[in-house]
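Visitor: I am new to this structure. Please show me how to read it, one feature at a time.

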Amino acid sequence: QAKLKSFAAKIIQLLKEWTETFPYDFQDEKSMKELKEIAHRITQCDEENGTVKKIISQMTQNLLMALSARSQYQEIREKFRQPVADKGTILKNKPQSSQKDILSVCCDPLVLAQQLTHIELERESNIYPEDLMQIVSHMDSLDNHKCRGDVTKTYTLEAYDNWFNCLSMLVATEICRVVKKKQRTRMVEFFIDVARECFNIGNFNSMMAIISGMNLSPVARLKKTWSKVKTAKFDVLEHHMDPSSNFCNYRTALQGAAQRSQTANSSREKIVIPVFNLFIKDIYFLHKIHTNRLPNGQINFKKFWEISRQIHDFITWKQVECPFEKDKKIHSYLLTAPIYSEEALFIASFESEGPENHMEKDSWKTLR
């Protein structure tokens, strides 16, 4: 007991750091029981003044709150979208002029980019280091052909990835469901401006989602619409997101935003939201390409420091407080507006601009 008392403070420091940084490690009964047993032993060493007991009690309370918050997030993660419109509805009912679209809710590209940044930072705030490290754990379990029952499904990563896909599909839906060519052209140009504002803010994830939405086949095939669009700004955006040389242009822009963030005086300049899919792939390949141990059997610290650095950067960026005022109306529209399925998008696209070649005519015939 005397020995335990001499380094109790160090154990408390370790447990505090562990429970705050990796709360999900304690979500199952076994690990929580072990934590309580260790905590009980330490508190017995300090029965005189009860300081340790207070610290341990606060630590446990904070841990339970963190686990509860994450559990609630998992429950509501699927409730952001209304059911996708089916093709029958689209064919029978042309969109009414009175029907709400994004421009009727927000016609300022900068404001919409700011609200998208709000959503991105909210989504990121639910991602913790252990979520990112589970990518590595999951890969190791697959390599060892083991079933890792203790590894929790990463709902937070899934939800964030779903948000990217939903935003892409929302952009495509908003463009394809506009009946008149002039209004459709305006919608395309509006989203180009929104993507540009996202780039200026440092919100690369929303920017990439918008570009992806405009590059989907049902939108890209609208040649009459695109012929009226001033594409110079779109070309610049596509240059930044050019996939060649492992997204070299994007990585340069991200590095610039990261440097700006480090020296920034205002929270507006601190915003860095990387393209999440690419960020995850970087961690994946870092782990896949480099071995855990060196030829001499020692741990490959260089590899783990690099993974740690990337995760540390992400955690630093996600902690930036959003400087833009939240607009509930715009927020609600972005998260709940109905989005078309891929099939429904093609129907709406062909309804706007008829099929031009045999392949498109066959597709249109099948869809109808």
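Predicted model: local features only at pLDDT ≥ 70, side-chain atom pairs only at ≥ 80, totals over all residues.

Visitor: How many residues does helix 15 have?

Guide: Helices are DSSP runs (H or I, at least four residues), numbered from the N terminus. Helix 15 covers residues 244-263, which is 20 residues. The expected span is 1.5 Å times one less than the number of residues. Helix 15 reaches 30 Å from first C-alpha to last, close to the expected 28 Å.

Visitor: Where does helix 15 bend?

Guide: A bend is the angle between axes fitted to the seven residues ending at a residue and the seven starting there. Helix 15 bends by about 35 degrees at arginine 251.

Visitor: Which residues of helix 15 are buried?

Guide: Buried means under 20% relative accessible area (1.4 Å probe, protein chains only). In helix 15 these are Phe247, Tyr250, Ala253, Leu254, Ala257, Ala258 and Ser261. Their cover includes helix 10 (181-201), helix 17 (276-289) and helix 18 (301-318).

Visitor: What lines the largest pocket?

Guide: Rolling a probe the size of a water molecule over the atoms shows where empty space is left. On a 1 Å grid over the protein atoms alone, a pocket is an open set of points with protein on both sides within 12 Å along at least five of seven lines; a cavity is a set where a 1.4 Å probe fits but cannot get out; lining residues have an atom within 4 Å of a point. The largest pocket holds about 490 Å³. Of its 22 lining residues, the closest to the centre are Leu254, Ala258, Arg309, Asp313 and Trp317. Helix 15 gives the most to this lining, with nine residues.

Visitor: What is the volume of the second largest cavity?

Guide: A volume is the space filled by probe spheres set on the points, which are joined across faces, edges and corners. The second largest cavity has about 40 Å³. Helix 9 (155-176) gives the most to its lining, with three residues.

Visitor: Is threonine 19 buried or exposed?

Guide: Threonine 19 is buried, because its relative accessible area is 4%. This residue lies in helix 2 (residues 8-21).

How values were computed:
Residues numbered from 1 in each chain as written. Heavy atoms only, no water. Helix = DSSP H or I, 4+ residues; strand = E, 2+ residues; numbered from the N terminus. Buried < 20%, exposed > 50% of the residue type's maximum accessible area, 1.4 Å probe, protein only. Contact = heavy atoms within 4.5 Å.
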